[in-house]
Every structure is written in C-alpha cells, then in structure tokens.
Amino acid sequence: MARIENAKSIGEWLDQRLAVQTLKRVLQTEYWIPKNINFLWAMGMVLAATFGILLVSGIFLLMYYNPSTDLAFDSVNYTIMTEVGYGWLWRHIHGVGASLVFLIIYIHMFTGIYYGSYKKGRELIWLSGMLLYVLFSAEAFSGYMLPWGQMSYWAGMVITNLFSGGSLHADGLVEWIRGDYVPAQAFLSRFFMLHVLLLPLVIIGAIVFHFGTLRIPHVNNQDGEDFDFNEAAELYKNGQKKESKVIPFSPVFLSKDVFVMGIYFVLFFYLVFYHFEFAMDPVNFDPADGLKTPTHIYPEWYFLWSYEVLRPFSTNVGLIAFAIAQVIFFTIPFLDRSPNVAPANRRGLFHLWFWAMLVDMLVLTFMGKLPPQGIWSTIGLVAALVFFALWIALPIITKSEKKL
Amino acid sequence: MSTRRDFMGMALGGFTALGAVGGLYAAKRTWDPLPSVKAAGFTTLDLKDYKEGELVTEKWRGKPIFVLKQTKEMMAKATEKDKKRLIEVDGAHYMVCVGLCTHLGCIPGYRKDTQDFLCACHGGMYDATADVTKAPPPRGLDIPPFKLNGTKIALGVTGPEYEKMLADGTTLRV
C-alpha cells in the first residue's frame with residue numbers, strides 16, 4: 001500500500017489518496033499555453049461554458065417537459081412559460097444558448113482555418129472538433145423537435161425525408177427512423193431520448209477527447225511558430241516569466257479566458273432578457289399539424305448555408321451536394337497541401353480563399369432565409385457553385401504556395 | 001505460456017461479438033414501427049361524395065391524401081400520360097394522391113384559379129392530375145395503394161388497378 005501518514009490538512013489528506021497535486025500540475029499549472037495569442041483563443045472555454053449553461057437550463061426544463069404528442073406543446077408553451085416559476089428563464093437561456101453555441105463554433109472553426117491550426121500534428125484537434133460540430137448539429141435538431149410546433153413537425157418531416165436518398169426511394173429507412181409513416185409519438189419519444197441522454201453523453205465524451213488531442217501538439221499561436229515547449233516551460237518555472245514564450249493554463253491563461261467570457265456573457269444575458277425572440281421562431285408557436293405545411297419552411301440560421309447548398313438543385317444532385325457540404329470541412333487538413341503553418345494573411349492566395357469562403361457562406365446563409373424565387377434563386381445557385389469551386393481550388397492553390 | 005489466457009480472451013471476445021450482433025438486431029427491431037401503427041394504416045373513402053374541381057384533403061397513415069374530381073376543363077388539358085394517373089369510377093375521373101411533395105415532403109398548396117399545385121418549400125409545381133411541371137420534385141405526387149369496390153376506394157390495399165399503375169411506372173410504391 002501507498003505511504004499514508006497523518007495529514008496536516010484536507011488538501012494533504014486528499015493528495016495521499018488521490019494524487020490531487022499531480023493532477024493539478026498536469027491539468028493546470030504545468031499545462032502550457034503560448035503567450036502569443038489573442039482573444040479568439042478563448043472561444044474553446046467560451047464554448048465549454050455555454051455547453052455547461054445549456055446542460056443546467058436543460059435539466060430545469062426537463063422537470064416539466066412532457067414528451068407526448070398531445071401534451072408536449074402545452075407543457076412548453078403553457079406550463080413552463082406561464083406556470084413554472086422562472087420557467088421562461090430556463091427556456092430563453094436554452095434557446096439563446098443553442099443559437100449562440102453555433103455562432104461561437106463557427107468563430108472557433110474559422111479561427112482554426114485562418115491560423116492553420118489543423119496542420120502538422122494538429123489534424124486530430126480539427127477532426128475531433130468537426131465531430132463535435134456534427135454532434136451539436138444532431139443535438140440542436142433533436143431539441144428543435146421537442147416543443148412539437150409546426151416548425152418542429154415539418155423540419156422533422158423534411159430532414160428525415162433526406163434519408164430516403166432521393167431516387168434510391170428508401171422509404172423503409174425513413175419509416176424506420178420515424179417509427180411511423182409520419183413523425184408521431186414514436187418519433188417524438190426517440191428524439192427526446194437522443195436529445196436528453198444519448199447525444200449529451202457522446203458530446204461530453206467528444207469534448208474530453210477534443211481536449212486530449214490538444215495535449216501533445218499544443219495550442220497553435222498567432223504566428224504559427226514552432227518552438228520548444230519544454231524549453232519555454234523550464235524558463236517559466238525558473239522564474240524567467242518574461243523571457244518564456246508560455247504561460248500555465250491555470251490560473252494565468254484561464255484569467256484571460258474569464259475576461260473574454262465576462263464580455264460574452266454580458267451579450268448572452270442581454271439576448272436572454274431583451275432579445276430572446278431571435279431564437280424563437282413565431283411559426284413554432286402553432287401546434288404541430290400534419291395536414292398543413294407552413295408557407296415557408298427554413299431551418300435555424302446556423303443550418304441555412306448547408307440548406308441553401310441543397311435547395312437550388314434537383315433532388316439527387318441537391319442531396320449529394322448537401323451530403324458533401326456536411327462533411328467537406330473534415331477534409332481541410334488533407335486538402336491544404338501547403339507546409340506553412342501561418343496566419344492566412346501571409347499565405348498569398350490562401351488569404352483570398354479564406355475570405356471568399358467566409359463571404360460565400362454568409363451569402364448562402366442570407367439566401368437560405370429568403371424564399372426560393374427569382375433573383376434570390378439565382379444568387380443562391382451561384383453561391384452554391386462557388387462553394388464547391390473553392391473546395392476544388394483549395395489543393396491547387398495551396399500546393400503552389402511558396403514555403404515561408 | 002499464455003495459451004490458456006489466449007483461449008479465455010478469444011472465448012470472451014467471441015461471445016461478446018455474438019452478443020453485440022444480437023444486441024444490434026434487437027436495437028434495430030426496437031426502432032421499427034409498432035404493429036399497432038402498421039395495423040392502423042387503412043382508410044376507406046366513398047368517391048361519389050366528391051364535387052368536381054374541389055380539392056378535399058383526407059388522412060391516411062397520418063399523411064394528407066388529395067382527392068380532386070376532375071372537371072371537363074381539366075380533362076381537356078390532361079395528356080395521355082396524365083390520364084393514366086387518374087382513377088375512373090362511373091365515368092368520372094379522380095386524382096387521388098399522397099399530398100406530400102416528392103422532393104422533401106412538404107404539402108403543396110392548391111391554387112384554385114390556375115388549377116395547379118405549388119410547393120412553398122422549394123418552389124416545385126404540379127398540374128391538376130398532380131404530375132410534376134416544375135423541378136425540384138423528381139416525379140408527380142405518389143398514388144397510395146388502393147382497391148376499388150363500387151364507388152368505394154380502400155387505401156392501403158393493393159388492387160388490380162394499382163398494380164397496373166405500378167407496372168407501367170405511373171407511380172412508385174408508397
């Protein structure tokens with residue numbers, strides 16, 4: 001057995017039994033973060049905090065939500081919103097949080113693309129991050145079903161129909177996913193299960209994995225500089241904090257994170273208290289009706305760009321385009337052929353590529369919200385074609401990039 | 001040597017794999033539509049109740065069913081291919097279709113003045129016999145399995161008229 005002696009403090013007592021000092025050193029005081037970073041490096045912890053808030057608000061909503069097609073709508077819009085003390089608060093936090101988590105995910109993604117943080121040993125960070133994006137998408141979709149309003153029902157109808165595979169006509173698969181010919185009780189119950197148990201479990205596992213992938217290659221920095229972390233860590237530990245290129249994750253880096261989080265949460269709660277309606281589609285305040293489609297169906301803003309990639313084409317081409325758009329970002333570490341790890345503004349044509357992609361996705365997002373008519377259809381089609389052209393161009397322009 | 005350990009490992013691994021396959025099958029079956037859901041999948045309508053040129057929406061398996069008794073004007077516009085989509089009972093022609101767009105399953109709206117259907121989701125259009133006239137839908141509205149008995153039509157049962165429609169490609173099996 002290990003040496004257990006009379007402990008002089010609770011900390012020492014725990015240390016003898018759990019090695020908390022070692023744990024603290026490995027996870028906090030000797031987990032090194034580069035100094036040369038900016039506020040965009042705080043997005044990871046902002047995301048973790050937002051996920052925590054979604055989890056807590058979700059627990060409170062779960063206490064009164066009723067996953068039955070007869071009662072779900074009223075349990076949300078009547079019971080939680082008007083009867084439960086502060087029920088509205090949890091709902092608005094949950095709705096606003098679900099929307100903002102995607103805003104931060106997109107900022108986090110485009111930061112990674114801009115600084116080349118997916119290259120040279122950092123591929124797994126990118127891949128596990130993209131896995132989290134897909135999981136959050138599934139979590140958002142399954143949660144959107146739960147209030148059982150018109151948008152819930154028809155989004156459920158349209159998205160599950162995607163699995164018929166167009167001309168493959170796999171209606172059996174669609175009915176299997178729904179557990180019925182149309183979204184009904186079996187569908188609501190299973191998406192409830194996915195939303196509150198299975199997907200959150202998998203997401204928590206994926207977050208731990210995502211943190212794990214950071215450990216060996218370390219966090220990238222503003223110049224993509226490759227330096228010796230051990231050497232820099234020794235300098236810091238010897239008291240040469242100024243000369244060292246690193247700081248410990250906790251408490252030094254975390255205090256910067258907390259500052260950014262402070263600003264973020266001011267915005268977050270401003271939206272929760274004064275502008276929650278942006279996250280609450282008015283159409284979803286009509287109860288689900290399988291015999292009446294809303295005149296204009298569109299997803300939440302964070303899915304609009306991929307929806308717009310689907311929309312301008314015929315069924316089969318649209319489905320293939322949509323499927324590619326869903327997974328294409330996974331491939332960026334392999335399609336970027338340049339050896340340079342540097343911010344985009346030092347990488348010639350890639351700089352142009354980055355902004356073209358960002359603007360194109362914004363155009364797709366705006367077009368996805370507008371009705372598919374006239375000039376909007378044309379702009380949407382062009383933006384969808386540009387999206388794919390950019391991905392085809394990526395390996396070519398990065399291959400010819402000069403080594404820095 | 002570890003041959004006995006190898007055996008233990010392989011025995012455990014083998015039974016675990018077997019159990020996993022069984023478990024996956026059970027999971028698949030658990031997600032299948034329930035027998036009660038399947039059994040509720042029949043609807044009977046009486047076609048003599050419908051008026052010419054008036055769209056009526058019925059319900060079958062939770063899905064909307066469009067019934068439109070064709071007017072003379074509609075019949076004059078319909079092509080031979082369109083006419084194959086109609087069900088003839090006592091000399092009258094009926095369009096009976098699943099009212100879900102064949103693109104992604106929204107309900108197309110009927111426009112009385114132009115006598116056609118427009119799907120608001122992605123702009124697909126159908127004529128009065130529910131044949132597609134504008135993409136993205138890949139085909140006209142699907143016709144549900146039906147069996148005629150006098151003026152009555154049973155949805156969910158396959159009769160000879162429906163089999164003919166399947167055979168000549170007028171509709172896909174729903």
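**Chain A: two domains and their details**

The domain assignment divides chain A into domain 1, residues 31-297, and domain 2, residues 303-404. The model is a predicted one. Taken over C-alpha atoms, the centres of domain 1 and domain 2 of chain A are separated by 22 Å. Domain 1 of chain A puts 31 residues into the contact, and domain 2 of chain A puts in 36 residues.

A helix pair in chain A comes next. A packed pair of helices is described by two quantities, the angle between the axes and the distance between them. For helix α8 (residues 171-178) and helix α9 (residues 185-215) of chain A, the axes come within 7 Å and cross at roughly 65°. Angles of 65 to 115 degrees count as roughly perpendicular, and therefore α8(A) is described as roughly perpendicular to α9(A). On the α8(A) side the contact is made by W176(A), I177(A) and R178(A), and on the α9(A) side by A186(A), F187(A), R190(A) and F191(A). Sorted by type, the residues of this contact are 5 nonpolar, no polar and 2 charged.

Helix α6 of chain A, residues 123-145, holds M130(A). Is M130(A) buried or exposed? Its relative accessibility is 2%, and buried means under 20%, so M130(A) counts as buried. Apart from neighbours within four places in sequence, M130(A) is in contact with M109(A), F329(A) and F330(A).

The loop between α6 and α7 (150-161) of chain A contains W148(A). W148(A) is not a glycine, yet its phi is positive, near 55°. With a relative accessible area of 6%, W148(A) is buried.

Another backbone feature of chain A is the cis peptide bond that joins S250(A) and P251(A), with omega about 5°. P251(A) belongs to helix α11 of chain A, which covers residues 249-274.

Helix α12 of chain A, residues 304-310, includes S306(A). S306(A) has a relative accessible area of 3% and is therefore buried. When residues up to four places away in sequence are not counted, S306(A) touches F322(A) and Q326(A).

For chain B, the domain assignment gives domain 1 as residues 3-32 and domain 2 as residues 39-167. The C-alpha centres of domain 1 and domain 2 of chain B lie 49 Å apart.

One open sheet of chain B is formed by 4 strands in the order β2-β3-β5-β4, with antiparallel pairing. Which strands stand at the edges? They are β2 (55-60) and β4 (87-89) of chain B; each has a single partner strand, so one side of each is left without a neighbour in the sheet. On average, neighbouring strands of this sheet are turned by 30° against each other, direction ignored.

Within this sheet, β2(B) runs antiparallel to strand β3 (residues 63-69) of chain B, and 6 bridges join the two. K59(B) stands opposite P64(B) in β3(B). The loop between β2 and β3 of chain B is the place of R61(B). Phi of R61(B) is positive, about 50°, although R61(B) is not a glycine. R61(B) has a relative accessibility of 19%; the cut-off for buried is under 20%, so R61(B) counts as buried.

Another open sheet of chain B has 3 strands in the order β1-β11-β10, and its pairing is antiparallel. Here β1 (43-46) and β10 (146-149) of chain B stand at the edges, and because each has a single partner strand, one side of each is left without a neighbour in the sheet. From one strand to the next, the twist averages 20°. Strand β10(B) is joined by 4 bridges to strand β11 (residues 152-155) of chain B, and the two run antiparallel. One residue pair to look for in these strands is K147(B) and its bridge partner in β11(B), A154(B).

Methods. Residues are numbered from 1 along each chain as its sequence is written. Chains are lettered from A and ligands numbered from 1 in the order in which they are written. This is a predicted model: local features need pLDDT of at least 70, side-chain atom pairs count only at pLDDT 80 or more; totals for chains, interfaces and linings use all residues. Side-chain values use heavy atoms; hydrogens and water are left out. Axes are lines fitted to C-alpha atoms, for helices over the stretch in contact, and angles run from 0 to 180 degrees between N-to-C directions. Angles under 35 degrees count as roughly parallel, over 145 as roughly antiparallel, 65 to 115 as roughly perpendicular and the rest as oblique. Contact means heavy atoms within 4.5 Å. Ala, Val, Leu, Ile, Met, Phe, Trp, Tyr, Cys and Pro count as nonpolar, Asp, Glu, Lys and Arg as charged, and the others, Gly among them, as polar. Buried means under 20% relative accessible area, exposed over 50%, partly exposed in between (1.4 Å probe, protein chains only). Two strands pair if DSSP finds at least two bridges between them. Domain bounds come from an automatic or database domain assignment.
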